[in-house]
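Hello,

Here is the structure I promised to pass on to you. Please open it first, and then read my notes below alongside it.

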Amino acid sequence: MAQHPLCLKLCEGASMASMDTSRCRYAPHHLVPTPRIMYRTPRINLPGLQRCRAESGTRASAVAREIPAEVSAAADSLESKKKKKGLETDPAVLWQRYVEWLYQHKELGLYVDVSRIGFTEEFVEEMEPKFQHAFKAMEELEAGAIANPDEGRMVGHYWLRDSKRTPNPFLKQQIDSTLDAICNFAENIISGKIKPPSSQTGRFTQVLSVGIGGSALGPEFVAEALAPDNPPLKIRFIDNTDPAGIDHQIAQLGPELASTLVIVISKSGGTPETRNGLLEVQKAFREAGLDFSKQGVAITQENSLLDNTARIEGWVARFPMFDWVGGRTSEMSAVGLLPAALQGIDIREMLTGASIMDEATRIPVVKTNPAALLALCWYWASDGKGSKDMVVLPYKDSLLLFSRYLQQLVMESLGKEFDLDGNRVNQGLTVYGNKGSTDQHAYIQQLREGVHNFFVTFIEVLRDRPPGHDWELEPGVTCGDYLFGMLQFE
């Protein structure tokens with residue numbers, strides 16, 4: 001699996017072009033280590049929203065109230081502070097700010113540059129109590145505190161990355177045994193020990209994943225970002241109930257339908273879009289004279305409708321989804337790990353990298369915690385209530401789906417009408433984006449000269465190709481240098 005250092009840069013205004021930021025790319029070699037894992041989405045917590053629900057919906061007993069005067073006054077105070085101070089353009093000051101606030105994780109090769117977000121020292125001091133409250137709340141959640149009071153559920157997706165942190169031995173055994181089962185199953189599929197009954201190739205060659213939302217976005221993103229160029233099994237996705245889209249995926253498989261492993265992912269087992277996709281795929285199997293049960297795999301909660309169907313019909317395998325893992329945070333569960341393993345991705349290394357990143361986001365100091373740094377910037381740039389959108393612009397084709405993945409992760413988590421006290425807050429953060437340099441001109445033109453209703457998170461991969469595989473288009477210049485130049489130009 002390709003591994004490359006990664007740099008995130010945030011910008012909230014038109015001052016982006018006022019200073020060269022190439023220091024991040026051309027840092028001394030001792031500052032650019034070889035990481036163990038390339039891509040990792042940090043756990044994101046907006047300090048002002050930590051009391052909003054972890055899941056969609058509101059308490060039936062909650063009585064809506066307007067935002068308290070002190071909350072409204074604090075937001076107005078923040079807005080007035082921002083209006084009094086424009087974005088910094090002095091190169092010397094910006095360089096000093098860059099040096100002071102640059103985050104580096106040398107083991108993972110992750111860098112976060114927040115120097116272009118114009119938060120003040122006063123703002124940082126004002127936010128400190130909220131961050132400490134958020135750090136404490138996260139510690140309690142990881143220890144097994146109830147996160148969803150309506151349903152009495154814990155939230156424990158971080159345990160998937162380090163099972164030793166589970167609050168009881170039973171959960172640890174569930175996680176470990178599921179991971180072992182996934183690895184063994186993937187190895188048996190790839191090696192041909194488990195074969196499709198009607199394929200002339202004698203082995204599975206394709207994976208068709210049927211799911212929607214959190215059951216599709218994570219696996220799709222990881223497939224695009226981390227899968228090798230020639231995986232042992234190629235993967236396709238049915239992630240909607242659009243007949244034309246379903247027909248297209250099945251038609252693209254052609255005769256390889258006979259050697260396709262179909263993974264059906266639904267936590268409840270009753271998601272309409274996933275059910276429809278399953279029925280359409282089963283119809284295609286019948287028309288081709290194939291036995292779907294010999295090529296079907298279910299990932300769902302134990303005793304769900306899907307689980308019982310797969311058990312009764314004798315599908316190839318079943319893997320569990322846990323009650324304490326939400327769909328949008330399920331990538332490190334069987335939902336994401338099984339598709340990844342079938343593509344030849346080292347899922348244990350992926351989990352190790354995620355666990356190392358988790359450790360970094362547990363540090364209760366804003367300046368040395370990458371998730372807290374991003375939360376600080378997002379809170380400042382959006383006035384603590386989502387008044388501006390966030391554009392995610394990775395300069396890497398393989399990260400094209402990152403913004404789509406973040407849309408659900410961030411917007412579904414933070415888009416809330418009420419907080420836990422019943423106050424009407426109508427808060428959230430809108431996320432969208434594409435990739436650079438393909439789409440940079442549209443976004444940057446708007447950022448520089450149009451309506452300032454968004455800020456940008458630039459993502460740069462600091463190594464283009466594996467060592468020894470690069471070549472020069474002209475003396476001293478590679479194709480990647482042009483990509484980097486486009487980022488710096490904007």
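**An exposed tryptophan**

Trp-471 counts as exposed because its relative accessibility is 52%; exposed means over 50% relative accessible area, buried under 20%, and partly exposed in between (1.4 Å probe, protein chains only). You will find Trp-471 in the loop between strand S15 (454-461) and strand S16 (472-474). Helices (H or I, at least four residues) and strands (E, at least two) are DSSP runs, numbered from the N terminus.

Before you go further, please note that this is a predicted model, where local features need pLDDT of at least 70, side-chain atom pairs count only at pLDDT 80 or more, and totals for chains, interfaces and linings use all residues. Residues are numbered from 1 along each chain as its sequence is written, and side-chain values use heavy atoms, with hydrogens and water left out.

**The open sheet**

Six strands make up an open sheet with mixed pairing, in the order S2-S3-S1-S15-S11-S14. Two strands pair if DSSP finds at least two bridges between them. At the edges are strand S2 (103-105) and strand S14 (431-433), each pairing on one side only. Within the sheet, strand S1 (residues 6-11) and strand S3 (residues 110-116) run parallel and are joined by five bridges. One to look up is Cys-11, whose bridge partner in S3 is Arg-116.

Helix H2 (residues 91-101) lies across S2 and S3, at about 145° to S3. Helix H12 (residues 402-414) packs on the sheet and touches strand S11 (389-395), S14 and S15, while its direction makes about 175° with that of S14. For these angles, axes are lines fitted to C-alpha atoms, for helices over the stretch in contact, and angles run from 0 to 180 degrees between N-to-C directions; contact means heavy atoms within 4.5 Å.

**A covered strand and a buried aspartate**

How many residues of strand S9 (residues 296-300) are buried? Five of its five are. On one side these are Gly-296, Ala-298 and Thr-300, and on the other Val-297 and Ile-299. Strand S8 (residues 260-265) runs parallel to S9, with four bridges joining them, and Ile-265 stands opposite Ile-299.

Thr-300 also turns up among the contacts of Asp-307, which include Gln-301, Glu-302 and Arg-318 once neighbours within four places in sequence are left aside. Asp-307 is part of helix H8 (residues 305-313), and it counts as buried because its relative accessibility is 7%.

Enjoy exploring!
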